[in-house]
Amino acid sequence: AQQFTINFANTNRMGKANFLESYRTSRARVCVTVGMMTTGYDCPDLLNLALLRPIFSPQDFVQIKGRGTRKHNFLEELFDPDIKEQVKEPDKMSFKLFDFFATCEYFEETFDYDEKIKLPKPGKKGRGGGGEPPPPPPPFDSIYERGGTDALVALESEQIGLGGMKIDRMFFEKFEDKVMADPVLQEEVEAENWDVAVDYVTGTLFDKPVEYFTLEKLRRAAGVDRRISIREILEKIFGRIPYFKSKDEMLSDEFDQFILDQKPDDAEHLMAMKRYFSAYAADQYLRNIIESGHLSDLNVNPSFNMADFKEVPNEWRETIPEYIKDYVPLNQFMN
């Protein structure tokens with residue numbers, strides 16, 4: 001069983017193709033397991049997860065849906081350079097979760113995240129410590145069996161927004177409580193010793209048992225469409241900033257600073273310059289086009305095309321990229 005999971009993750013699911021020895025076929029597209037690939041399993045190119053049993057543990061649910069949140073670049077599976085050139089959006093940006101037992105609804109609307117479960121008293125059994133024994137298993141002859149077809153009664157599709165699921169938001173709030181209760185962090189943030197505070201969070205609070213907080217998990221739980229830093233998280237928790245700005249808001253702030261620094265007097269083309277500034281800062285593919293000089297590729301670029309580029313005055317076509325390289329931290333705009 002372990003080897004099957006390894007093969008599935010390594011796209012070695014059906015051996016070699018019969019027409020080319022070096023070609024690894026991946027005709028096996030579906031893998032069904034019972035409790036084996038729910039935690040600690042990494043197959044980043046997964047695009048679909050199906051929940052085929054009820055789940056009542058929030059920890060299990062976070063781990064299971066975490067199999068789908070892994071980032072992946074599908075160019076890793078492509079060896080033909082001509083085909084690679086045709087792929088304009090190679091990064092995995094989403095996945096589908098097929099929920100047949102209303103698990104998402106349960107953790108969004110029903111589950112009590114604030115319930116404090118009492119430990120059983122010594123020598124006693126039962127969840128609440130009252131000594132009630134667990135119910136006996138049902139007799140064998142009472143097991144329910146259903147014949148006939150298993151019809152799908154209804155089908156509903158829901159897009160999870162940037163705010164994420166409630167279970168993700170609760171994870172971030174739990175981290176907030178832990179940070180706010182730490183006197184060392186309170187002192188360092190008050191003194192604005194940000195480097196010390198960031199190092200303290202990384203060394204003391206991250207990658208620990210039970211909660212297992214990580215920066216990547218907090219980024220997903222925050223539900224922001226860009227990459228936020230540990231400092232930003234601390235500033236938000238301690239009230240230094242009211243909320244996490246979106247990518248568009250950050251790009252707008254950076255462009256406003258560019259206007260203050262460069263003082264362009266061409267008001268007529270200001271919006272065209274802003275589109276160029278924002279697209280160049282946020283789009284790695286566009287930066288590659290501009291830097292390589294392959295401007296003809298703009299004709300097929302969806303985020304910023306040749307018509308957009310021609311609207312930018314000549315004197316700013318090089319100035320804007322140079323300014324961004326020198327003064328704008330591009331890491332913050334990554335997903």
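**Close-up views of a predicted model**

**Figure 1. R317 lies over the face of F309, at 4.6 Å from the ring centre.** The model shown in this and the following views is predicted. The structure holds 19 aromatic pairs. In one of them, the ring centres of Y276 and F309 are 5.8 Å apart and the planes stand at 75 degrees, so the arrangement is edge-to-face. Distant parts of the chain are linked by this pair, with Y276 in helix α11 (residues 270–282) and F309 in helix α13 (residues 306–311), 33 residues apart. Both Y276 and F309 are buried.

**Figure 2. A salt bridge joins the side chains of E311 and R275 (2.6 Å, N to O).** The two residues connect distant parts of the chain, E311 being in helix α13 and R275 in helix α11, 36 residues apart. E311 is partly exposed, having a relative accessible area of 38%. R275, at 36% relative accessibility, also counts as partly exposed. Helices α11 and α13 likewise hold Y276 and F309, respectively, of the edge-to-face pair in Figure 1.

**Figure 3. Y323 and Y327 form a tilted aromatic pair.** The ring centres of Y323 and Y327 are 4.9 Å apart, with 45 degrees between the planes. Y327, in contrast, counts as exposed, at 57% relative accessibility.

**Figure 4. F56, F61, Y106, F107, F111 and Y113 are linked into a cluster by ring pairs.**

**Figure 5. L52, F98, F100, F101, L152 and L155 make a nonpolar surface patch of about 670 Å².** Among these residues, F98 is placed in strand β2 (residues 96–99). With 37% relative accessibility, F98 counts as partly exposed.

**Figure 6. A102 has a positive phi, near 55 degrees, and is a residue other than glycine.** Most residues other than glycine have a negative phi. A102 is placed in the loop between β2 and α4 (103–110). At 36% relative accessibility, A102 counts as partly exposed. A positive phi, near 60 degrees, also occurs at E192, again a residue other than glycine. The position of E192 is in the loop between α6 (183–190) and α7 (194–205).

Figure 7. R226 is found in the loop between α8 (215–222) and α9 (230–237). At 3% relative accessibility, R226 counts as buried. In sequence, R226 and K245 are 19 residues apart, and their C-alpha atoms are 9.0 Å apart in space.

**Figure 8. K245 forms a salt bridge with D253.** The closest N and O atoms of K245 and D253 are 2.6 Å apart. K245 counts as partly exposed, at 32% relative accessibility. D253 is partly exposed, with a relative accessible area of 33%.

**Figure 9. The side chains of K236 and E176 meet in a salt bridge of 3.7 Å, N to O.** This pair links distant parts of the chain: K236 belongs to helix α9 and E176 to helix α5 (residues 166–180), at a separation of 60 residues. K236 has a relative accessible area of 23% and is partly exposed. E176 falls under the limit of 20% with its relative accessible area of 18%, and therefore counts as buried.

Conventions
Residues numbered from 1 in each chain as written. Predicted model: local features only at pLDDT ≥ 70, side-chain atom pairs only at ≥ 80, totals over all residues. Heavy atoms only, no water. Phe/Tyr/Trp six-rings, centres within 6.5 Å; stacked < 30°, edge-to-face > 60°. Helix = DSSP H or I, 4+ residues; strand = E, 2+ residues; numbered from the N terminus. Buried < 20%, exposed > 50% of the residue type's maximum accessible area, 1.4 Å probe, protein only. Lys NZ or Arg CZ within 6 Å of the ring centre and 35° of its normal. Patch = residues over 30% accessible without salt bridge, like charges linked within 9 Å, V, L, I, M, F, W, Y side chains within 5 Å. Areas by Shrake-Rupley, 256 points an atom, 1.4 Å probe, with all protein chains shown as cover. Salt bridge = Lys/Arg side-chain N within 4 Å of Asp/Glu carboxyl O.
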